[in-house]
Amino acid sequence: MQHLEPKEAYEFLQANPEAVFIDVRSEMEYMFVGHPRGSILIPWVDGPDWEIDPLFVAHVRKAASVNRPIVLICRSGRRSADAGLALENAGLKDIYNVTHGFEGDLDDSHHRNSHNGWRFDGLPWAQT
């Protein structure tokens, strides 16, 4: 798995329109916090049980079809890294993780969106 800063990931997605951009956060995060434009939602962990979705790899295989790069994003880059490892362990290749994720790392006041991440970098996003 390769790790890309948010701006690098955006540039990669622009240069590789066949890539599938997957947001692995929960449905509530995707809808209410917002999500990168062009991403699709395939939660790694979601309610009501908040356990890893045993069908996650199958859903990604279906979304990515054959030989498409897979770019993963979550809130901070941790869940997407775990999801990427699961995909690699299942034999998928060409996996990219967006470091710092959508909201970025916590600052000294325990707030996000203050010094890194997709939104902080001003990259395109939407809220439903």
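In which sense do S2 and S7 pair, and over how many bridges? Hi everyone, let's start there. S2 and S7 pair in the parallel sense, over 4 bridges. Two strands count as paired if DSSP finds at least two bridges between them. Helices (H or I, at least four residues) and strands (E, at least two) are DSSP runs, numbered from the N terminus.

A quick word on what we are looking at. This is a predicted model, where local features need pLDDT of at least 70, side-chain atom pairs count only at pLDDT 80 or more, and totals for chains, interfaces and linings use all residues. Residues are numbered from 1 along each chain as its sequence is written, and side-chain values use heavy atoms, with hydrogens and water left out.

Back to S2, then. S2 also pairs with strand S4, residues 40-41; these two run parallel and are joined by 2 bridges. Please find isoleucine 22 on your screens. Isoleucine 22 stands opposite leucine 72 in S7, and it also stands opposite isoleucine 40 in S4.

Now the faces of the strand. In a regular strand the side chains alternate between the two faces of the sheet. In S2 both faces are covered: Val20 and Ile22 on one side, Phe21 and Asp23 on the other, are all buried. Buried means under 20% relative accessible area, exposed means over 50%, and partly exposed is in between, using a 1.4 Å probe and protein chains only.

Last stop, the loops. Proline 48 sits in the loop between strand S5 (45-46) and strand S6 (51-52), and a cis peptide bond joins glycine 47 to it, with omega about 10 degrees. Tryptophan 50 lies in the loop between S5 and S6 too, with a positive phi near 55 degrees. Is tryptophan 50 buried or exposed? At 51% relative accessibility, tryptophan 50 counts as exposed.

Thanks, everyone!
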